[in-house]
Every structure is written in structure tokens, then in C-alpha cells.
Amino acid sequence: MNAVGKYYDGMRANSHAVVITLTSYKLVIEDRENGIKLSWEFSDITLIESPEFGSAFSLSNKTRPAERLIIADLDLYKALIIQIPLANKPLVRVNITKSRGCLLVALFISLMIVYAWVLPQFSSQIARVFPSSWAKYIGERHVETYEEKGLVCKNTDGIESLNKIIKRIVPKEHRDKINVQIVTEDTVNAYIVPGGHVVIFSALLDEAESPEEIAGILAHEVGHHLENHPVQALIERVGVAVILSGMEMNLLNFKYSRDKEVKADRIAISLLDEARVSKRGLIGFLKRNSGSIFDNKIVNYLSTHPANEERISSLVVSNTVNKPTPILSKSEWIQLKQICSKPGV
Amino acid sequence: MRKSATPKKRKLSTAKIQYTGQIPHIYGIWLLNIILSIMTLGIYSFWGRVRLRKYVASRVVLAGDPCQYTGTGGELFLGFIKGILFLFLSYVLLTIGYAIIYFIAAFFAHFSGEAQADAIMAGASLVSGALFVVFYYALFCVAIFSALRYRFSRVTWRGIRGAIKYSAFTYACQSIKFTILKILSLGLYAHIADVKLAKMVAENSYYGNARAKFHGNPESLWKINFITMLLSIPTLALSRLWYKAALIRHNFQATQIDHLRFDFDITGGKLLGFYLVNLLIVVCTLGIGMPYVMQRSIKLVADNLTIIGDINTSKVLQSNEELAGSGEGLNSVIGEPDFAGVI
């Protein structure tokens, strides 16, 4: 079998047009113009590049590895490839034909569907079997970053006021699983991460007009925790995107669906009712801020907790049984507002 | 008496790079890479990258002969492991550096008044912050340059490979020096710095044993550097694309390998259009249009690069130098993605 190709001797940048003859145990390479005749035994031939989409393939010789032979004849390739020892063709690969290409596209679309639809659909089921120790570990690592940067507010009087709110809002059986921290940040935001760690940014505290607003937001975040939403969001995100880009997950920007927000709201209302805290705080905060979409500071909280008229009105009409009492005294509220100031300031 | 006459200029031949890569092919390889990378938790990505590079290189044809990419997935994987280890080691070293700075600062602060102690500690924070920025910028430069050196050494044409014989560490030091000078001069030194850096890289680049020469003259760029720098605030730095285009043109025209010279027909407008369309493709397709961006990047070079001179390279011999180290080390951990740095 004969074919034409190009031969490079690996010493000089010369291109030799050659005729290649396949015999029973070797390749004979001949450049008649320059009087070159070489014999490459099958055992010495290494496949450098296999044909891809009908392109030429490239061979080298084990005894003279810098030499190259480029051949476009695919019949010769088929005949030769079975003769070359397996160890000399590490790059033999499956060619991407039209049908295999379609299969690839189908596989790709399936993966995208899994990521965009299947994972979110089954995230609650997967979250149920997700080890709580893992969730705790992930949450702790996240919160530690604030601790390391010295951003966690630690004014003792402020913490006392905060603990009072936690004690009233969080049911006794969940109290040891919830950890609330106020962090010095110039963005109005509050969120919960896996493991029950609630982070409230100081700007949100500044924005709040009453302790009931803070209590309402905390109750809402606890609602997310009781429904296991942070772990579900984690599962939804641990998918193709993370593997593809290797990006770190930004726990701060977990955004929940409208359904999950409504569920968290329902739990928040019942927690507030049980604790005899007015739901007006939560409603007031959302109402006041839902119109401020052009204020960058506010956008952050609303972008992760979308609040629309429907959500607010369902909060307004929700039933409460108990008569509310103030959650903090005026002086305790002032102490909470000053939680990020240094002791004695 | 010798007759004085202007020697008759011989018209030099010109050649264009032919690029025959096709979008459906690139998509096929790209999709397969993604799927296999997901299935193998990212490990296949190194072999996938090689497959794509091999495809692209073999479709770049000059004077009838295709290029070849000779790197392997194993090399890239090993380089990645080395990069991770190096990054970890550098992190440990940086932490030790911080500790030393704070220890010294605390020592002096201990013997100073309260106001002075605060100033010393603030100074220590500033120094460690600067150390952090310089250290990671240097690492980034080392990563980018090492990767360029590696890729250059793995591309052959007519069986002869390229090489850049220059230390990545020296490159990083020079790069930092020039960056500082650029900042201090409010950008007015940019054209000199950029040309000097290009000269260093070009004059240490080889095709086989043929060393490249660089006849750059930064003076020709001062005007465009000055004007685009002035306009950078009102144009949100878009004016700098015109400077970038002028720099690319200048650097290509100033480079010579053996008897070959180059010309790159690029303008600021072309670059702006190129980047804008790339951005639109990536944003509108949510990243799925990435192969289009790769193809456009390679085609931009192929369509606009002209090679001037006689491609009689029979005198060029293979370099006796050892091949550049395995893989792309740090670049695979913190550097640029494939084909991002084509232009």
C-alpha cells in the first residue's frame, strides 16, 4: 500500500515530500528528489497524533524521536494502526463522528437538565440524607472567615440583647443549633448558612427601626434553617458549575425560590406568634425596603430574599393568636444597636 | 570610482497563516472535554486541553506545512500538581513573612508610646499588604510566563520546536519593576516599559537555533500612549485598546527570526469590535459559546498576521537545549484559560 506524506528529519527545518510504502513489517519512506530512503519497523513506530475529523496523522520513530512523518491517507492509517505495538500508540482515541457528536450534544443537554432541573427537584430529598456534620463544618468555616478578619461584633451589652431576642424567637429544642452573629459590613443583608449559622450585617441593624424588625428577620432565617433550605441550596449549587470552574461557593449569595421564601415566612410568623412578638416588624422592614430597589445597600438583602407585594400581603393576612409584647426595652435596643462599638465607647 | 546608486530593493515575498479549524469540530472536542471532565472530577481536563491544542495546532498551516503540538496531558497534570504544591509552599512562606513583620513591629511598638505603637502597627499592616500584592502579582507573572515558555517549546513546525530561554523569575522581577514605574509615572512610561518587556521576551525566543531579533523603538508609541492615557477616564479605559493595538503592531513589526519579519494588521476599532462580540457571545450564551470565542481569537491572528520574507529555513537547525519543564505548573492553578491570551 502506498501513500504520500511529509517527512521532517528533526534536525533541519526542511520539508520533504515523500512516498510511503507499507510492507508486511515496516514503512518505507522515500524522498526521490533528495535521495532519501528510510525504513521504519513497526516496533519502532510511535503514533504522535491520530486523525481527528479526517485530518492527517503523525508518526515518529522511537530510535530517532525528533523525526516526524505526517500522512493524510486514512486507509494507510487503518492498515498501519493494527501493526503498531499497543505501547507505542498511547494517543489512539475514539473519533468524533456525526452520530457520536449528536450523542455528545445529547449528553451535554442531559447534564444541563440534571443541573438546572433534576438537582433542584430532588435537593430536599438529598438534603435529608446530607450529613449534618458536613453542613456544620461548611457553615463554621464560612463564619470563621469573619472571625479571622475581626469583623464579628462583640460588645457584651449588645450580645446580651441579641441573646434575649434569640431566646424568645428560637424554640428551645433548636436553640443550641442556631448561632447568630452580627458582622461589621456596609451592606444591608442577613442570611443563614448550613449548620444553623445566621449572619446579620451591621448595616441591616442600622437600617432596622425596632427590635421587632430584627426578630422578624431572625425568625425568617430560622424558618429557612428548619426547612433545611441552606443545605438544599448547597446541593443545587454543587453541580456542574463547581466542577467546571472550580469556583468556590459563595454562601453569602444563596438565593431561595419564592416558594421557599413563603415557607420561611410562614414559619417566621408562627415563631413570632409563639414568642408573642409582633409580626409588624418583619412586614415593616420588607415594606419599607421593597421600594428602595435603586438603593445598592438595600438591593443585597432583597436580591437574596425577593419581596414582592404578594409575599408582603400574605404576611399581613397571616393569622396570629397571641397578643404581642415588646421584645426588648428601649435601653436594650440601644445596646443592640451599639453591638459593633468597642467596649466603653 | 565606484558608482553610487541606490541598490535595487528586492521585493520580499509575503505569506499568510492558513487556519482551517472548524467550529463544529471545536464544539465536538470541547463538549467531550466538559463531559469527561465532569465524569472524572476534572482529571480528564488536562488531556482534553491537549486534544484541543493538538487540533488547533494541526489546523495552522504555514507554507504548506502544519504546526504540531507535542505536549501531553500527563505533563499538564504533573504541572498542575506541582503548581498546587508550589502555591501551598508560597502560602507558608508568606505566612512566615507576615509573622516576622508583625513580630518586628510588635517588638518596636512595645518600647514606644501609644500613638507611636499604633503608627508602627499600621505601618506593619501596610508593609504586609504590599508584600501580599507584590508576592501574588509575581506568582501570577511567573505562572503566565512559564506557561508561555512551555507552550512555545511544545509547538513544532517542520519538526523544529520553538523555545524561550529566559527565567520566569527574572521576567516576574522585571514585570514588577515596570509596573511600579508605570504607576509612578501615571502611565507615561507605559510604552517604554511594554516595549522593553517585549524586547526581553523576543530576544530570548528561538525557532530551533535561530534566535529572534527585536528592533523596537518605544518613541514611536509615546504619542498614542499619551493621548489614550488622557482619554482613558472619559472613555472608561476603552481608548487604551488603540494603544494596545499600536503596541501589538509595533512588536510584531519589530521582531525578526532568521530572514522572516512580521506584520500584524490590527487597529483599536478592530480590537474593540473583537472584544465586544466575544463578550456578547459569552454573556448571551451563558458560556456555551466559548468555542466561538476560541475560534474567533485564533482566526483574528491568522487573518491579520502576515509573514514577510523568504521562508527558506533550511539553515535552521533543531535546538540542542532540553525541553522546558513539564506542564504549566502555576498557570493551571491561577493563570489564564486556554486561548484567552491569544491577543
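This is a predicted model: local features need pLDDT of at least 70, side-chain atom pairs count only at pLDDT 80 or more; totals for chains, interfaces and linings use all residues.
I started at B:Asn251, which sits in helix α8 of chain B. Helices here are DSSP runs of H or I with at least four residues, strands are E runs of at least two, and both are numbered from the N terminus. Residues are numbered from 1 along each chain as its sequence is written, with chains lettered from A and ligands numbered from 1 in the order in which they are written.

Is B:Asn251 buried or exposed? I found it buried, because 21 other C-beta atoms lie within 10 Å (buried means 20 or more, exposed 12 or fewer, partly exposed in between, with C-beta atoms placed from the backbone). Leaving aside neighbours within four places in sequence, I see B:Asn251 in contact with B:Ala198 and B:Gly216 (contact means C-beta atoms, placed from the backbone, within 7 Å). I also checked B:His215: 36 residues away from B:Asn251 in sequence, 8.7 Å away C-alpha to C-alpha.

Next I looked at how α8(B) (residues 240-254) packs on α7(B) (residues 222-230): the angle is about 160° and the axes are 8 Å apart. Axes are lines fitted to C-alpha atoms, for helices over the stretch in contact, and angles run from 0 to 180 degrees between N-to-C directions. So α7(B) is roughly antiparallel to α8(B) (over 145 degrees; under 35 is roughly parallel, 65 to 115 roughly perpendicular, the rest oblique). From α7(B), B:Ile224, B:Asn225 and B:Thr228 meet B:Arg240, B:Trp242, B:Tyr243 and B:Ala246 of α8(B). I sorted the residues of this contact into 4 nonpolar, 2 polar and 1 charged (nonpolar: Ala, Val, Leu, Ile, Met, Phe, Trp, Tyr, Cys, Pro; charged: Asp, Glu, Lys, Arg; polar: the others, Gly among them).

A:Lys26 has A:Glu41 as its bridge partner in β4(A). The two strands make a hairpin with 4 residues between them, and A:Gly35 in the turn has a positive phi of about 65°.

Last, the chain contact: 28 residues of chain A touch 25 of chain B. Which helix gives the largest share of chain A's side? I got α2(A), with 6 residues. By class, that side has 15 nonpolar, 6 polar and 7 charged residues.

Note on methods: Two residues are in contact if their C-beta atoms, placed from the backbone, lie within 7 Å. Two strands pair if DSSP finds at least two bridges between them.
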